[in-house]
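Work through the exercises below with the model open. Each has a task, then a stepwise solution.

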Amino acid sequence: MDAQAAVDVVALGESMVTFLPSRAGRLADVPSFDRGIGGAESNVVCALAAAGHRTRWVSRVGADGFGDHLVETIARYGVDTGCVGRDPQRPTGIYFRTADDRDTDAHEVLYYRAGSAASAMAPHSVDREALDAGRILHLSGITAALSTDCLALLRELTAPRPGRPLVSFDVNYRPGLWSGGTGEGPAVLLELARGADLVFVGEDEAADAWDITGGPDAVRAALPEPATLVVKQGSGGATVYTEGEPSVFQPALKVDVVAPVGAGDAFAAGFLSATLRGLTAEQRLRHGHLMAAAALTVPGDLATPPARAHTDRLAALDADAWGTLRLGPGWTDGVPVNTEAKEEART
């Protein structure tokens, strides 16, 4: 990776204004909502910027108030938003969700993103120099599902080309986004993942999309091309496969979960942060788990990450201390700089 790149990580993808319920219950019964932002790729660069990295978000939003809110909010995290296009003909996407766990039948999400400004992204409508200016270009499978032009753009970005940065790709399989199209989603996602350098995929996603049920090794067998493959195993942990090296597994942390949204994006941010710093495979996984724990202990998609020194101390715990560590709401708040890792493990 080129240490002289203008930014550390560039992310391309749609962000939407999110309406979070004021209390639990059906959308039909919730009386009011709090406004936030949500978008897999922008979540990653916001978390990285808050952790001290130079980041850029490339996208399109409507020439409307919601577009203003997205750009202004993401910029406040320290993300460069100068390459976000404004579309006077198409709106900014929005969505509403309930407070329930995504894995329960009670969970509801309503998207209003069809025909959004971001769905008009195409190979000719984005600044390619801005995309290639980072050490890492982060993409996700969500963008490929938005339109045929978005898919064409992702195919170009994951194809071999001179000056291509390290391409990070989060599979992010969302069956609902593909159901109205040709049903080719799983094959498209496999194609794009094979063109990337670093891939994130959940074990459950691999089963749903590709009918792979043999565990992380089976996922690696189906995806031998990426130099680095991270297979997320839910609350069990994650395994990373690095070309020419043995696979490495790290268990997830025990977390008092407030809301499960945003954890996957936060994990990717933690892993990419540690990658930029040249840390070991074990440390990259642990930083991913710690960033995910920060997201899991707040109600929205984005959380303030712990201070780098705090994260480094926790990531350096021995296996026994790591296995007994439990994190709850507020764990990222002001930890004294002289706090020892062993003391943190007991709290």
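**Exercise 1. Trace the surroundings of S140.**

Solution. Start at the side chain. That of S140 forms a polar contact with the side chain of E41 at 2.5 Å. A polar contact is a pair of N or O atoms within 3.5 Å; within protein, one must be able to donate a hydrogen and the other to accept it, and residues adjacent in sequence count only if both atoms are side-chain atoms. Next, the S140 side chain reaches the backbone nitrogen of I142 at 3.1 Å. Now place the residue: S140 belongs to strand β9, residues 134–140. Helices (H or I, at least four residues) and strands (E, at least two) are DSSP runs, numbered from the N terminus. Then list the touching residues beyond four places in sequence: A40, E41, L154, F169, D170 and N172. A contact here means heavy atoms within 4.5 Å. Last, S140 is buried, at 1% relative accessible area. Buried is under 20%, exposed over 50%, partly exposed in between (1.4 Å probe, protein chains only).

The model is predicted: local features need pLDDT of at least 70, side-chain atom pairs count only at pLDDT 80 or more, and totals for chains, interfaces and linings use all residues. Numbering runs from 1 along each chain as its sequence is written, and side-chain values use heavy atoms, leaving out hydrogens and water.

**Exercise 2. Describe the largest cavity.**

Solution. Take the volume: about 80 Å³. A cavity is a set of points on a 1 Å grid over the protein atoms alone where a 1.4 Å probe fits but cannot get out; lining residues have an atom within 4 Å of a point. Lining residues include N43, G262, M291 and P305. By class, the lining divides into 8 nonpolar, 2 polar and 2 charged residues. By element, α11 gives the most, with 3 residues.

**Exercise 3. Judge the confidence.**

Solution. pLDDT is the predictor's confidence in each residue, from 0 to 100. The protein chain has a mean of 90, and 91% of its residues reach 70 or more. Over residues 335–347, pLDDT stays under 50.

Notes. 1 Å grid on protein atoms, 1.4 Å probe; cavity = no way out; pocket = protein on both sides within 12 Å on 5 of 7 lines; lining within 4 Å. Points joined across faces, edges and corners; volume = space filled by probe spheres on them. Nonpolar A, V, L, I, M, F, W, Y, C, P; charged D, E, K, R; others polar.
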